[in-house]
Amino acid sequence: MKQIFTFFLLFIYGISFAQILEDSVIMGPSYANDIFYSFDNGQVGSYSGASWTVAFYNKTQSGAIMLNGGRGVELWNASGDISQFANIIDTVGIGSWTKLYDTDTTWEKHSAFEGDALNSQWNYGWGDYDISTHIIQGSRIFVLKSIEQNYFKVIVEKKDFGVFHYRYASLDNSFDTTILVNTPDYLNKSYAYLDMDNHTLQDREPSHSEWDLLFTKYSTDLGFAYYPVTGVVSNEGTEVAEIKELPNNASYTSQDFNDSKTVIGSDWKTFDTIANTYHLQDSLTYFVQTENGEIYKLDFIAFEGSSTGKIKFNKELVSAGPTSILSSNEALIFHSIYPNPSIGSADI
């Protein structure tokens, strides 16, 4: 009798995992909001995409500072002589300055401020690591254009055990401030965010364990230029396999999962310039493995474009991962079957 009820429990769990659920997120007109999404809990956060200019990575040994490139923030390496900070008063030299971009594949490394780095393991692009003090000392002047089209000159003065000393000023020197960004204050978040137009720090991420995907705008390398796109990026620890098959035919077995944050990205849709509408890619399915080991099948079924920013998709849990309760032993731990043994009937 025990075996019969164990089988019954497994059957019920199997039915629940086979459900295909339709869900959606709404970014708003012109994709105004960033949406943090959990496969288990749906939308877990919505924040204005224009509420930040730069973001500071929350790990002590990292020097990553990311741009809000999807919303129009731009950055140039203006000088390697920080003593000239007060003397940079215009953008006359912008044509000769090196323009810098974030990578769109990783959260931690190769940020715009680390771009154009010297060929040295101690150089972080914006500064140099001092092996005696363990402090990264700033060595460059940048010019940054903000979302509101303001130009600022910037020095990352130093990073001292998790604290960024971030100085920026107007080109005419009428405004000059240094913001201290203590990244440990943003426990369990990937980044601390700064709105340079309004000079405020932003705590705009759910806790790391609460979300899997971010629906947002970001800047990507098209091969001939960097361009802002609307798409989906994966949380750190989340991996994705892209399968060029219809959902009913796609399988994640024998597939490699990729930890690049833009495997899903933006190319699941294309824009028809003649019809002035978006089309979804045919025969394209994603399998998303969350940090706790669950695997979800994901396929997009509708995209309304910039009028509403609504994105509709199907999701299906296809593997519960290492925490699965599908084994007979675990099922019996979480459920009582009595009386056991039973002569004629039993209760769960």
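View 1. L75 stands opposite L144 in β10, in a model that is predicted rather than experimental, where local features need pLDDT of at least 70, side-chain atom pairs count only at pLDDT 80 or more, and totals for chains, interfaces and linings use all residues. Residues are numbered from 1 along each chain as its sequence is written, and side-chain values use heavy atoms, with hydrogens and water left out. Strand β6 covers residues 74–79 and pairs with β10 (residues 141–145) in the antiparallel sense over five bridges; two strands count as paired if DSSP finds at least two bridges between them. Strands here are DSSP runs of E with at least two residues, numbered from the N terminus.

**View 2. Strand β6 beside strand β7, and the burial of β6.** Three bridges link β6 to β7 (residues 98–100), again in the antiparallel sense, and within this pairing N77 stands opposite T98. Because six of the six residues of β6 are buried, this strand is largely enclosed by the rest of the structure, where buried means under 20% relative accessible area, exposed means over 50%, and partly exposed lies in between, with a 1.4 Å probe and protein chains only.

**View 3. The open sheet β5-β4-β14-β15.** Four strands form this open sheet in the order given, and their pairing is antiparallel. The edge strands are β5 (65–67) and β15 (200–202), each of which pairs on one side only. Neighbouring strands of the sheet are turned by 30 degrees against each other on average, direction ignored, the axes being lines fitted to C-alpha atoms and the angles running from 0 to 180 degrees between N-to-C directions. Strand β14 (residues 191–195) is joined to β15 by three bridges, and the two run antiparallel; in this pair L194 stands opposite L201 of β15.

**View 4. Tyr31, a loop residue with positive phi.** Y31 is found in the loop between β1 (20–26) and β2 (33–38). Its phi is near 55 degrees, a positive value in a residue other than glycine. Is Y31 buried or exposed? Y31 counts as buried because its relative accessibility is 7%.

**View 5. Ser283, a loop residue with positive phi.** S283 lies in the loop between β20 (277–280) and β21 (285–289), and the phi of S283, a residue other than glycine, is also positive, near 50 degrees. With a relative accessibility of 31%, S283 counts as partly exposed.
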